[in-house]
Amino acid sequence: MTAAANHKPVRKLLCLALALGIWFAPVPAGLTAEAWHLFAAFATAIVSVILNAFPLLTAAMLAAGAVVLTGTVDPAKAFAGFAHASVLLVVAAFLVANSVVKCGLGRRISLLVVAGFGRSTLGLGYSIFLTDALIAPAFPSNTARGGVLYPIILSLAQGNGSRPDDAATRRLGGYLMFCGMASLSVSSALWLTATSTNPLGVSLAAQRGLKIGFGTWLLASSVPALTTILLLPLILYRLFPPGMAGTPDAPAMARTELRRMGRLTRDEWMVAVVFASMVAGWVLADTLRLSLTAVAFAGLGVLLATDVLTLADMDLQGGTLVTFFWLAVLFALSTQLNELGFMGYVGERLTALLGGIARPAAYVILLVLYVLMHYMFVSQGAHVLALFSVFLDVGARAGVPVPLMAFSLLFASSYFSTLTPQAGSQNIIFVGSGYLTQGELYRLGLLTVGFCLLVYLVLGTPWLLLVAG
Amino acid sequence: MCYKPRPMSDFRTEVGRRWLGLVTLLLLAACGRTDGSAERALPAGEWREFEGSWTAAGTRETLPFGPDRRTAIFHLTGSLLLTGSQRPALGFRAEAIGFSDTRAGMEGRCVWTDERGDRVFSELKGQFVGDGNRVAGTFVGGTGRYAGVTGEYTFQWQYVVDAGDGAVSGRVVGLKGRARLVSPPGAPSK
């Protein structure tokens, strides 16, 4: 038995003690018992995953069972995540991605990428960040963008011989998968239209008289966002060495393999057309008032109807079911934590403690607290709605210029999405690939967000003061 | 330079410690006061003035009622925190339901619940639920230490944002009011 396995019972007992300790502690004034008990269950679930006491699914099931059986949360609300559009979009994107890999189109695209950038693993990492940064302004949903990137990254990993269950090759896939997650977070900060959370935050900032348009946003974000895009692939490469560095022959081999593959097959054509239609639907979703999830369902339906995907393929997607369960439960519990007033309460109390603190310190502390509080959220939008205005108000009262505080909080609302595996729905598809352990995801998430925070504080602050006042 | 990866268990412990640090920080902030007994003691029957804020989330179903008129039913819940030395409590969970009409205004009911489970009931009247609109509330009774409470309050929506699929989120600042308790705030719940 390994040392880690020996410690597991101790960790489980620690988690039980934490849950009981919070649950039976006096309810803080201003909160209800329900909000406090839900916090006990939610916090314990997250801590138990971080301490490797339980996998996410186990932790989520225990938390959901506890809060429903004790009457803390109404069953209908606890299970509402199973019907939430964002959760279903993740599941549909998983299943559609399978078709891209199965028909060979993903391999063909990955060979094209390798032919262009494949002289090194680092080059592949940069190709992911650059591709995402270029397509991001056209995608109002970063979950949908993840659905486009994931099958290509999966094919890249598999094409380079990386398998999640093979210790010798797993790290290459893990590096590429985390590059996918991190690129989605930093490209969302670069463009106003790269995620639905940005316009939401902009509408809240407008309440303070701040008008932010596409160009204003891009000017403000350009220096810190491009710096993170430029440095993150390299930093992740250092933090999580993929185990394979130079592959000088890979581009030539990829071109040979592409020639050998010949023309597109019937299934590849079918997937290409369906995928292109889905991308068009996602890009035009706001204009045409289309549901992102319905677009994904329609695409999946066509792939099934044309036998590109079969029911036998669906039977093999057990991992998708596991992801669906834990994501739906944590999404609903986090939403309830917000609706029961816990998030607003903690935000208001924390900011109240900052009264009288000097302006620069207040700015830094507010930003760090805002980012750290994302440990409790499973939705970027919910975080922005619950806390953005609270933190902006306190910053303004402390004398921090409103444009500086607003932009810093808005950008943080994008880059904090790699903090935990569940911190943004776009992460889930990459997490579900199995290339990264929960511990690695939390560690890389914290370090990546810490790096982004540093860049935005050190470079972003003077830049924002210069261009936005 | 040779990069030597650290064992995963070290990182888990480190990340776990940091997370536990965050939980502790949140707990310290949240548990700063565990009851409302530190509010300035005033004799029962005295008017208690307070100010506060309310961050709310919930649902709103809208029914268009002509070209320039909208009607809606809403259900909002969230944390209501009070300030002022005379406040009846540090804060409540506030839950409101109501009917809102861009022309006729809004009528609603609101329940404030504190950490002991004691409740304050109020009736709401005002403008359509939307940015900058004003609402007035009248306390009509309560349970436990708030039994028989009277008083009134007003507030203004700083913003109300539709978050899609009927979800709505809003924030109230500048909530001001006064309440007269029949029993002192430290009295045990009934």
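A residue counts as buried if 20 or more other C-beta atoms, placed from the backbone, lie within 10 Å of its own. Select chain A: buried residues make up 57% of its 469 residues.

This is a predicted model, where local features need pLDDT of at least 70, side-chain atom pairs count only at pLDDT 80 or more, and totals for chains, interfaces and linings use all residues. Residues are numbered from 1 along each chain as its sequence is written, and chains are lettered from A and ligands numbered from 1 in the order in which they are written.

Switch to a cartoon view. Chain A has 23 helices and 0 strands (DSSP runs numbered from the N terminus: H or I of at least four residues for helices, E of at least two for strands). The radius of gyration of chain A is 22 Å, close to the 23 Å of the globule rule for 469 residues, so chain A is as compact as a globular protein of that length. That radius is taken over C-alpha atoms, and the rule is 2.2 Å times the number of residues to the power 0.38.

Next, select 1–78 for domain 1 and 83–312 for domain 2 of chain A; such bounds come from an automatic or database domain assignment. Their centres, over C-alpha atoms, are 34 Å apart.

Now pick residues 105–117, helix H6 of chain A, and residues 250–261, helix H12 of chain A. Their axes lie 8 Å apart. Show side chains: A:Leu111 and A:Leu112 are among the H6(A) residues that meet H12(A), whose partners include A:Ala254 and A:Leu258 (contact: C-beta atoms, placed from the backbone, within 7 Å).

Conventions. A residue is buried if 20 or more other C-beta atoms lie within 10 Å of its own, exposed if 12 or fewer, and partly exposed in between; C-beta atoms are placed from the backbone. Axes are lines fitted to C-alpha atoms, for helices over the stretch in contact, and angles run from 0 to 180 degrees between N-to-C directions. Two residues are in contact if their C-beta atoms, placed from the backbone, lie within 7 Å.
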